[in-house]
Amino acid sequence: MIRFSAAACLATCLGVSLIGASTPAGAVSITVPIQGVSTNFDVLITERSYASDPSLFSIATMPWWEDYSLASSFAEQVYDQLGLGSFPPNTTDYGPLFAYALDPAPSTGGGLAAVVADLSAPGFIYELSGPDSLDPALIYRYAYVPSQSATTGVPAPIPALGLAMAWSWSRNNRRRCRLSTQKRPDQGQKG
């Protein structure tokens, strides 16, 4: 029979709850105004093409999708915190790409529209659209938000209190089960 001390269980519960409250590894936490409300986002980068995973390019994972101004705000806030980008190839002058629209009409030279921060000129954002847009089949370093749930954080003590209550409930339930299965002295005798 394995026995756990109350202190070890509580320490484990607190450790597990703090894992959920942390930022994903390699993410940059930034605050951007959305419709006048300051909103916190954890932004990550991924290396892929639009053609390999079009579902990534949506408002669910790119809150700036279909909004050039918002994409520019994100690019300016993130700047170089996620490392260097991959556009144009073999350069180190730009941050990751913030894709914001798809122009499906190849006759206009269209592709994937994006903005990118110029790391040699702080505050300067380049727009890549129309004939300068990105080829959807090529792999670039794109910024994205892993989930919208990251924008509405839960205060750190709440998960810890929930785990502590669950642990307490399970201990009480175990005690009740143990007491109900113990034989009383008069159960084994027939009268």
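Student: Which residues do ring pairs link into a cluster?

Tutor: Happy to start there, and keep in mind that this is a predicted model. By the ring-pair rule the count comes to eleven aromatic pairs. Ring pairs link five of the residues into a cluster, namely Tyr50, Phe57, Trp65, Tyr140 and Tyr142.

Student: Is the aromatic pair of Phe74 and Phe98 stacked, tilted or edge-to-face?

Tutor: The centres of Phe74 and Phe98 are 6.4 Å apart, with 35° between the planes. Planes under 30 degrees apart count as stacked and over 60 as edge-to-face. The angle of this pair therefore falls in the remaining class, and Phe74 and Phe98 are tilted.

Student: How many residues apart in sequence are the parts that this pair ties together?

Tutor: Phe74 belongs to helix α2, while Phe98 sits in strand β3.

Student: Does Ser72 count as buried or exposed?

Tutor: Ser72 is in helix α2, residues 68-78, and touches Val115 and Ile125, leaving aside residues up to four places away in sequence. Its relative accessibility is 12%. The cut-off for buried is under 20%, so Ser72 counts as buried.

Student: Which residue in β6 is the bridge partner of Glu47?

Tutor: Good one to finish on! Strand β2 covers residues 37-48, and β2 pairs with β6, residues 140-144, in the antiparallel sense over five bridges. In β6, the partner of Glu47 is Arg141.

Conventions:
Residues are numbered from 1 along each chain as its sequence is written. This is a predicted model: local features need pLDDT of at least 70, side-chain atom pairs count only at pLDDT 80 or more; totals for chains, interfaces and linings use all residues. Side-chain values use heavy atoms; hydrogens and water are left out. Two strands pair if DSSP finds at least two bridges between them. Helices (H or I, at least four residues) and strands (E, at least two) are DSSP runs, numbered from the N terminus. Buried means under 20% relative accessible area, exposed over 50%, partly exposed in between (1.4 Å probe, protein chains only). Contact means heavy atoms within 4.5 Å. Rings of Phe, Tyr and Trp (its six-membered ring) pair if their centres lie within 6.5 Å; planes under 30 degrees apart count as stacked, over 60 as edge-to-face and the rest as tilted.
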